[in-house]
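Try each task before you read its solution.

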Amino acid sequence: MAFLKDYRDNASGLLATIAEAEEAALDQAADIIAKAYAAGQTIYVFGCTHSAILAEDVFYRAGAPCFWRPLWGPGMSIAQTPGFLTSAAEHNEMLGNDIINCSQMKSGDVLVVLSTSGKNAAPVAVADSALKRGANVIAISSSSYKDQKGDHSVFANLWQMPGLVMIDNHVPCGDASLLAGGSVPMGPLSTIAGSFIMHALSALSVEKLMVLGVEPPVFLSSNAPGGKERNAELLKLQSVRNAFLLP
């Protein structure tokens, strides 16, 4: 069972690295989010394929803020689209531009873009189009890819774009931390790392909101005592109703 121990050790070691090496970047990003939310701006999050899981992970989630607004791009969710089509979608620069063009994003809003490789055309286009709208853009990606060129027409990858707050997930190139059977790359870490970063970013943002005197806008579990009542109060906020209730 060496694989289990090694995978656990690699995952826990990665989280320790993120907590130490990305502390300043996480604090900067949380400050941007908190100030934007306190000013009435919208906080968006976008990811393709398995990175889309991380946008889902913080949406309407017990223990997560109610301010996250995922941008659901067509063909981007592995749960709703055949696998190969999601790969085609995440390489589509025009689709990335259209996702922002068809959104209500405005100047001063915040967008978190999740892309471990950081080089597929769609997430790069989403980040670029958001910047052009005057949004603050935070990117979560792996620096192990930062010298690689993707398929966006202008930028090689997210690391080469000016104006982004970059958070390194420190995931190895190829997203495999071990060799199963001594030869097969396995043990992906990007979802583990991404979930840790997103929930850490959520908590840090809420701490800063509390300092600003803003009541923590956090959903509780409806299965825990007081949870349904707390969530019902949050659903009275118009911005929350717009995101979580049917029209």
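**Exercise 1.** Is Phe219 buried or exposed?

*Solution.* Keep in mind that this is a predicted model. Start with the cut-off: buried means under 20% relative accessible area. Phe219 has a relative accessible area of 2%, so it is buried.

**Exercise 2.** Find the aromatic pairs that involve Phe244, and work out which parts of the chain they link.

*Solution.* Step one: the count for the model comes to 8 aromatic pairs. Step two: look at Tyr60 and Phe244, whose ring centres are 5.3 Å apart with 40° between the planes. Planes under 30 degrees apart count as stacked and over 60 as edge-to-face, so this pair falls into the rest, tilted. Tyr60 sits in the loop between helix H3 (52–57) and strand S2 (68–70), while Phe244 belongs to helix H9 (residues 238–244). They are 184 residues apart, so the pair links distant parts of the chain.

Now for the second pair. Phe219 and Phe244 are 5.1 Å apart, centre to centre, with 80° between the planes, an edge-to-face pair. Phe219 lies in the loop between helix H7 (190–211) and helix H8 (227–234), and Phe244 in H9, so this pair ties together parts that are 25 residues apart in sequence. Phe244 is buried too, at 17% relative accessibility.

Ring pairs link Phe59, Tyr60, Trp72, Phe219 and Phe244 into a cluster.

**Exercise 3.** In what order do the strands of the open sheet lie, and which are the edge strands?

*Solution.* Walk across the 5 strands and you'll read S2-S1-S3-S4-S5, with parallel pairing. The edges are S2 and strand S5 (165–168), each of which pairs on one side only. From one strand to the next, the twist averages 25°. Now zoom in on strand S3 (residues 110–114) and strand S4 (residues 136–141): they pair in the parallel sense over 5 bridges. Val113, for instance, has Ala139 in S4 as its bridge partner.

**Exercise 4.** Where is Thr49 found, and which residues does it touch?

*Solution.* Look in the loop between strand S1 (43–47) and H3 and you'll spot Thr49. Its relative accessible area is 10%, so Thr49 counts as buried. Leaving out residues up to four places away in sequence, Thr49 touches Met76, Ile78, Thr86 and Glu90.

**Exercise 5.** Which residue lies over the face of Trp159?

*Solution.* Lys146 does, at 5.9 Å from the ring centre.

Key:
Residues are numbered from 1 along each chain as its sequence is written. This is a predicted model: local features need pLDDT of at least 70, side-chain atom pairs count only at pLDDT 80 or more; totals for chains, interfaces and linings use all residues. Side-chain values use heavy atoms; hydrogens and water are left out. Rings of Phe, Tyr and Trp (its six-membered ring) pair if their centres lie within 6.5 Å; planes under 30 degrees apart count as stacked, over 60 as edge-to-face and the rest as tilted. Helices (H or I, at least four residues) and strands (E, at least two) are DSSP runs, numbered from the N terminus. Buried means under 20% relative accessible area, exposed over 50%, partly exposed in between (1.4 Å probe, protein chains only). A charge sits over a ring if NZ of Lys or CZ of Arg is within 6 Å of the ring centre and within 35 degrees of the ring normal. Two strands pair if DSSP finds at least two bridges between them. Axes are lines fitted to C-alpha atoms, for helices over the stretch in contact, and angles run from 0 to 180 degrees between N-to-C directions. Contact means heavy atoms within 4.5 Å.
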